[in-house]
Amino acid sequence: MIDELILKNLSNKFTRELAKGDLEEAEKVVKRLEDLYQQHTHDSLGTMIYFTVRGMRTILKGRQK
């Protein structure tokens, strides 16, 4: 339950940082999510985090060009 709230808050933070154009802070959010993913590799929250991080990486890659 707590980790789900952390995921939601970090996703919101990523969106805010991306809107401000601060790609460095957005990258830090992704790294924090990857650390959270390591704790949940074998449950459904891990799957949600995996696809969230994957989408965030795609967005960052598109913005860095």
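Okay, let's start with a term: when I say helix, I mean a DSSP run of at least four residues, and helices are numbered from the N terminus. One more thing before we look around: this is a predicted model.

Let's begin with helix H2, which covers residues 23-39. Look for Lys-28 and Glu-25 there. Their side chains meet in a salt bridge, 3.1 Å from N to O. How far apart are these two along the helix? They're three residues apart in H2, so about one helical turn separates them. As for cover, Lys-28 is partly exposed, with a relative accessible area of 42%, and Glu-25 is partly exposed too, at 23%. There's also a network to point out: salt bridges that share partners tie together Glu-27, Lys-31, Glu-34 and Arg-57. And if you're wondering about the total, the structure holds six salt bridges.

Now over to helix H1, residues 2-20. Keep an eye on Glu-17 here. Its side chain meets that of Lys-13 in a salt bridge, at 3.6 Å from N to O. Glu-17 and Lys-13 are four residues apart in H1, so again we're talking about one helical turn or so. Glu-17 also meets Lys-20 in a salt bridge, this time at 3.5 Å, N to O. Lys-20 and Glu-17 both lie in H1, three residues apart, about one turn of the helix.

So which of these side chains are buried, and which are exposed? Glu-17 has a relative accessible area of 6%, so it counts as buried, because the cut-off for buried is under 20%. Lys-13 is partly exposed, at 24%. Lys-20 comes out as exposed, with 62% relative accessibility.

While we're on H1, go to Ile-2, which sits in this helix. Ile-2 is at 59% relative accessibility, and that's why we call it exposed; the cut-off for that word is over 50%. Together with Leu-5 and Ile-6, Ile-2 makes a nonpolar surface patch of about 270 Å².

Last stop: how do the two helices sit against each other? In general, you describe two packed helices by the angle between their axes and the distance between the axes. Here, H1 and H2 pack at an angle of about 160 degrees, and their axes are 8 Å apart. That angle makes H1 roughly antiparallel to H2. And the hand of the crossing? For H1 and H2, it's left-handed.

That's the tour, thanks everyone.

Conventions. Residues numbered from 1 in each chain as written. Predicted model: local features only at pLDDT ≥ 70, side-chain atom pairs only at ≥ 80, totals over all residues. Heavy atoms only, no water. Patch = residues over 30% accessible without salt bridge, like charges linked within 9 Å, V, L, I, M, F, W, Y side chains within 5 Å. Areas by Shrake-Rupley, 256 points an atom, 1.4 Å probe, with all protein chains shown as cover. Salt bridge = Lys/Arg side-chain N within 4 Å of Asp/Glu carboxyl O. Buried < 20%, exposed > 50% of the residue type's maximum accessible area, 1.4 Å probe, protein only. Axes fitted to C-alpha atoms, helices over the stretch in contact; angles between N-to-C directions. Parallel < 35°, antiparallel > 145°, perpendicular 65-115°, else oblique. Left-handed = near helix turned anticlockwise from the far one by under 90°.
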